[in-house]
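Work through the exercises below with the model open. Each task is followed by its solution.

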Amino acid sequence: MIPYALSFMSGIALYRFIPFFPFSLSILLLCICVLLFARYRERSRYVFLLILLCLFGFLSSFYSKGNIPGSTLPGKEVYMTGEVADVPELLGDRWRFTVDSVGITGSPVPGKIRLYADNRFSGRNGTDEPLVSPGDRIGVHVILKEPLFLRNPGVYSFDYRQQGIIASGYIQEFGLIGEHRNVAAVIHRKRQHLGRVIDRSLSEESAALIKAIIPGLKAGVRAEMRDAFSETGLAHLLSISGTHFGLLAFLIFTIIRTVARWLPKTILSRLTLYYSPTQIAVVLTLPVLAVYAMISGFNTPTVRSLIMVSIYMTALYLGRKDQWLNSLSIAALMILLWRPMALFELSFMLSFLAVLSIGFTVERRKELIKQKKAELQAFRISPEKESSDRKIMDRIKAAISITVAAVVGTAPVVAVVFKQLPLISPVSNLVVTPLVCFMVLPLGFLSAFTAVLLNLPFLPFSSLLDVLTHSLLQLIQILSRFSYSHLHVHTPSVLMITLFFTALAVIVKFKSAVKYVPLAIVIFVYAVSPYRNSKDMKVTVLDVGQGESSVVELPDNKVMVIDGGSDRMGMGRRVVAPFLWSKGVHEIDYLLSSHGHADHVGGLMYLLDEFKIGEVWTNGRSTHDAIGFLKKLDDENIPHRRLSRGYVLDAEDYALYVLHPYDEFYAGSPRGAFSDENSSSLVIKVEAGSSSILFTGDIEEEAEHNIVHLHTWLQSDILKVPHHGGKTSSTIEFLNAVSPSVALVSAGRGNSFGHPHYATRKRYEGIGVEMFGTDRDGAVTVTMHDGQYEIKTYSDVTLKRVTSLKDEFRNLKLLI
């Protein structure tokens, strides 16, 4: 099955990448076909079958539902109908769910819509459950927006379009058109009910974990909890995977087989004429696993685990074993036939890479054990005695080797997405995983199934389960706080990832100790690759939605971060920190807060926790949004400098000048205190060679009028546009004083403020300034060198569809 699965996957990958590498892939496919026909001359039908499977994978991707055509969303409130596609989950004080079969003002729309609603949405039958369940058809009044997809180089941002979600919106008015009552709807309601029972029975943190690992409801898992699990290499425990299915199958199988063996001899003897206790246990266990898969949401790890456990148990029924690789291939084929684009989903890649790594490691250990037994027998030493003496140590070694294999096998994907490697993973899995598998999960299964079967309002054994879960979470938090429990790493190139997996294949294929040399070389090259010694200054205005954050890489290799976006949207965690890690940055020399508004200072809190900070610079003016940030600086004794006009940082290859505010400045804006705080933003000019850039925070017209007299001090080649391009900034007098050639604006795509404002954009166009914006272009990077500068947008550093051979060479260069 392995060649067939690989052929089908190749067809899916071909569909995804041929627009970017048509010439290269065509040559590669031709070479592979020639090699296959040369290798299997006598089995040409086999080669044709592989080619047909590849073609089938290509066509199935083309016709899959994942290919949602682009659509223009109405920018106003509309009436929308749709069918609820998943279980509504409560996120704080609002519900979240997805609808399919969508119609907007009577016209069908391809794709799904993610909807949010407040607590008024609760109250079905006088309870706290949501008014809808999967399968129900609803009609709502809603304003739709494109899902937030942040475009920053080196930073993974989940694209909801991969799940077919084309828009999201907050429900204004709601109506239930019709209820769905088939078997699937009943099961989903049970899952929904179980989630509420868990919430009522356990503390908030414990309930979030139990909901994630039993019914697969992850909405309540806080980002801090996810980080702790990820940093300790335990992220797999937060999703329903092979661990859960294997354990549940083992428990049910063992109970049923034990009960069968304890049947009266007369019944057992008659029964075993047709079926063995093992076969009976298999037949009765599989339906329970299928129902559990439905309850837990049928996500990719769940489907893969269900298929693999089912294949394994079927092999037990037939008396066959050791078919793990075929089982994995069948599971992959079934998932990809159902949803071809799952091949590029994070859960699919991590799940299958982990199983592959573990499988090869277990096979290798079996070979070594056989070889060792053979050697002992050659010296007439009893292998039973030897294994008995070292049984505990061998099991510990096996557990560690399996954990290390899973970490190594998934390392490239984890590095690309999460920018970290969990160094403590072997220890944490050795300690925590048994606690989860043999205490929390069994008790959770027992409590949950009892509550569902007996329709109980609370979980039985909830006190014990709460204590166990709370203790487990505390242990994981302690492990995550150890120094070097995890290592943040930079983004590997596609070439480096390819070389890494090639080196792993060498280790699997060969037995000589020399086989580890290629892997060591790859790791060494990767480890030293981010370190640079460039005299260029590089400025990146990041795409943080409706907020602002810029990263300045100075000519002496020091790093300055100006603002961090909004904490409400987690921009420090989701964008700024991953961007810095992707470039190998672990220390921020200068951390600047231009002013104390949430969309600028919020994301900086996360950076204080995750990076070594040289010095923090602020405008010295406190606001309500900045209280927590300033308190943290004092509590942790982080060096803090309050800047005002006249401060100069004069380095060998660059200089920094603070032009605003000064101590006596007061805006007195007729628009109120919020505008006054905007106008108190730091205005900083950075010069490198004969090039310069002016950072302006959110200053408005009052501050601009106050500083235009600085004339040549303001003049800069590049201007970071004040206040996201709002209409109360960028006055013509200020623009004339700065006299920029290029303007960079930070604004969220489709933001409700209309930034950058039409009139503001016209002012820049009127004086011939070229404008780049994160709303249209994604992150924008300016590289300054010898009085010249180069500007690259997000599209310049990502693959583009090929229209000429030159385009393909450009794409190939991006892989290196």
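The exercises cover aromatic pairs and charges over rings.

The model is predicted: local features need pLDDT of at least 70, side-chain atom pairs count only at pLDDT 80 or more, and totals for chains, interfaces and linings use all residues. Residues are numbered from 1 along each chain as its sequence is written, and side-chain values use heavy atoms, without hydrogens and water.

**Exercise 1.** Classify the ring pair of Y15 and F58.

*Solution.* Start with the criterion: rings of Phe, Tyr and Trp (its six-membered ring) pair if their centres lie within 6.5 Å; planes under 30 degrees apart are stacked, over 60 edge-to-face, the rest tilted. The structure holds 17 aromatic pairs. For Y15 and F58, the values are 5.4 Å centre to centre and 80° between the planes. The pair is edge-to-face. Next, widen the view: ring pairs link Y15, F58, F62 and Y63 into a cluster.

**Exercise 2.** Classify the pair of W581 and F611, then state whether these residues are buried or exposed.

*Solution.* The ring centres of W581 and F611 are 5.3 Å apart and the planes meet at 15°, so this pair is stacked. Now check accessibility: buried means under 20% relative accessible area, exposed over 50%, partly exposed in between (1.4 Å probe, protein chains only). W581 and F611 are both buried. F58, at 23% relative accessibility, counts as partly exposed.

**Exercise 3.** Find the rings under R16 and R339.

*Solution.* Apply the test: NZ of Lys or CZ of Arg within 6 Å of the ring centre and within 35 degrees of the ring normal. R16 lies over the face of F344, 4.4 Å from the ring centre. The charged end of R339 sits over the ring of W338, at 4.9 Å from its centre.
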